[in-house]
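Reader: I am new to this structure. Please take a close look at one part of it, the links between side chains, and walk me through them.

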Amino acid sequence: MSDEDITLTAGDAEATVRPGHGGRIGGLRVGGLELLRQGDRFGCFPMVPWCGRIREGRFRDGATVHQMPLNSPPHAIHGTARDGAWRTARTSADEAVLTYDLVGPWPYPGRVTQVVALTEDALTLSMSVETYDSSFPAQIGWHPWFRRNLGGQDARLAFEPAWQEERGDDHLPTGRRIDPRPGPWDDCFGMPGGVDVTLTWPGQLELKVTSPEEWVVVYDEQEAAVCVEPQTGPPDGLNTHPRLVTPLEPLEATTTWAWRRA
C-alpha cells in the first residue's frame, strides 16, 4: 500500500498519520482543537531502534562496537526510523497499521510495526520490533510534542516519579538515581508502576499519558511545547539497559493518551 497521509476519525476526534514522514502522528484534533505542535519535525514520532541520545553515537553489542551518525553532535539521537518512509499495511476508519524495515546505518535487519488506534476519547500507539536473523539490542518509544497553549492558559504537568536519572553535562544519565527535582526538564524519570503523566489545559482539556513501561523523558524547555516520552529504557539505554530483540522475542511497547474535556 502507499505511504500517503491517513486520516483516522472517531466521534469528534481526528488523527493524521504520516507513514511517508517517519511514521509520525502529524496531528490530533479533539473537538477541532489541535493538541500537537505542527511542523515536519514535530507531531509525534516513533523513536526506534533507540530512544534519546547514544553517547558519541557508539553502542556495543558483545565485542562489536557500532557507530551511528552524529545527528545531534556529539551524540546520535532518537533512532533512524523517524527519518524514513514507512508503509501502510492496513487501514480502517479508526486504525492504521504501519511497517518499517530497518536499514543502514542501523547494522541489523528487522521489521518495526506500529499500530495507531483512535477512539472517541483516546489514542493508543503500539509498536514492536522483530527480527528473523541476528539478535540485537534495541529501544522503542514515542516523542510527542504537545502544544503548551491551546488558546487559554498554559498546560500544567503532573506526575509522581520514583526517581530522576541524574543528568550529566553531556545531557546523558550519569547512572545515579536522584530524588526528582523541579523543572524545567530535559530529563528521564523512573515510574516502576508504569508511566502516568497528566497534562491539563485549565478550563479546556485534561490528557493522561500512560504506558506499562517504567521510563519517561519529560522535555519542557521550549516555549511552544511540552514533550512526554514513554520508552523502554533511559537515554543511552543501548549501552546501559539493553533490551535484546531475538527471533523468538520481539520488543514491544504501547502508550495511551486519554482525554477528558473540562
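Author: What follows covers the salt bridges and then the cysteines. Keep in mind that this is a predicted model.

Start with the total. A search of the whole structure finds 18 salt bridges.

Take Arg18 and Asp5. Their side chains meet in a salt bridge, at 3.5 Å from N to O. Arg18 sits in strand E2, residues 13-18, while Asp5 belongs to the segment before strand E1 (6-10), so the bridge ties together parts that are 13 residues apart in sequence. How open are the two partners? Arg18 has 23% relative accessibility and counts as partly exposed. Asp5 has 49% and also counts as partly exposed. Another residue joins in here. Asp5, Arg18 and Asp40 are linked in a network of salt bridges.

Next come Arg55 and Asp236. Their side chains form a salt bridge too, with 3.8 Å from N to O. This pair links distant parts of the chain, 181 residues apart. Arg55 is in the loop between strand E6 (53-54) and strand E7 (58-61). Asp236 is in the loop between strand E23 (225-231) and helix H1 (237-240). Asp236 is buried, at 6% relative accessibility.

Now turn to Glu165 and Arg177. The closest N and O atoms of this salt bridge are 3.7 Å apart. Glu165 lies in strand E17 (residues 163-167) and Arg177 in strand E18 (residues 173-178), so the bridge ties together parts 12 residues apart in sequence. Glu165 is buried, with a relative accessible area of 5%. Arg177, at 45% relative accessibility, counts as partly exposed.

That leaves the cysteines. How many disulfides does a search of the whole structure find? The search finds zero.

How values were computed
Residues are numbered from 1 along each chain as its sequence is written. This is a predicted model: local features need pLDDT of at least 70, side-chain atom pairs count only at pLDDT 80 or more; totals for chains, interfaces and linings use all residues. Side-chain values use heavy atoms; hydrogens and water are left out. A salt bridge is a side-chain nitrogen of Lys or Arg within 4 Å of a carboxyl oxygen of Asp or Glu. Helices (H or I, at least four residues) and strands (E, at least two) are DSSP runs, numbered from the N terminus. Buried means under 20% relative accessible area, exposed over 50%, partly exposed in between (1.4 Å probe, protein chains only). A disulfide is a pair of cysteine sulfur atoms within 2.5 Å.
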